[in-house]
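Hi,

Here is the model I promised to pass on.

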Amino acid sequence: MSKSVISYFVIFLVLLLIQVLICNNIMLFGVATPVIFIFIILRLPMDTPVKIVMTVAFLSGLLVDIFSDTPGVNALACTILSVLRKPIYFMYIGKDENLAGASPSVSSLGVPLFLKYLFSMVLIYCTLEIGLEFFTFISIKRMLLIISASTLLSFILLIGVDSITVSKTVH
């Protein structure tokens, strides 16, 4: 195994543990739950085969579901996120770019593009996950508040995770 694969795996396990042991037990102001385990899905190199990205996404979502008592919600949201990853990435950088080893990061995209990419992906994930949990439009205001608050909190935390792991992963 290469050094970058091992570092991705270690980061993956650490983020999953933090998610299920700490983040899932946080409900900031009664509306915001941080989601950090999706970071590894967002940062996988863009030339990673879709089947591998979908498998990693599904398994990570399934593990979070097992420990969160949310049957299939995170697994489905992560799998959909893994499929939307490249189109969202190309939306910001264009399809002319070379994908060989490119991993979405501040150093590869620059701060503004990376933040747009990160925010878009977190918003999509939170919308899917919370929408699937609510599965009703009876309390649309509350649902939108939870989506907004969770997206903002997760976005801020993922910027911090990115700044910590930037030297640990290969770009």
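Where does Ile6 sit? Its place is in helix 1, and helices here are DSSP runs of H or I with at least four residues, numbered from the N terminus. Before the rest, note that this is a predicted model, where local features need pLDDT of at least 70, side-chain atom pairs count only at pLDDT 80 or more, and totals for chains, interfaces and linings use all residues. Residues are numbered from 1 along each chain as its sequence is written, and side-chain values use heavy atoms, with hydrogens and water left out.

Ile6 is partly exposed because its relative accessible area is 41% (buried is under 20%, exposed over 50%, partly exposed in between, with a 1.4 Å probe and protein chains only).

Now two loop residues. Phe29 lies in the loop between helix 1 (3-21) and helix 2 (39-43), and its phi is near 55°, a positive value in a residue other than glycine. Phe29 has 76% relative accessibility, so it counts as exposed. Asp69 also has a positive phi, near 60°, and is found in the loop between helix 3 (50-68) and helix 4 (73-93). With a relative accessible area of 69%, Asp69 is exposed. For context, most residues other than glycine have a negative phi.

Last, a helix pair. Helix 6 (residues 111-134) packs against helix 7 (residues 140-165) at an angle of about 140°, with the axes 8 Å apart (axes are lines fitted to C-alpha atoms over the stretch in contact, and angles run from 0 to 180 degrees between N-to-C directions). The two helices, helix 6 and helix 7, are therefore oblique to each other (under 35 degrees is roughly parallel, over 145 roughly antiparallel, 65 to 115 roughly perpendicular, the rest oblique).

Cheers
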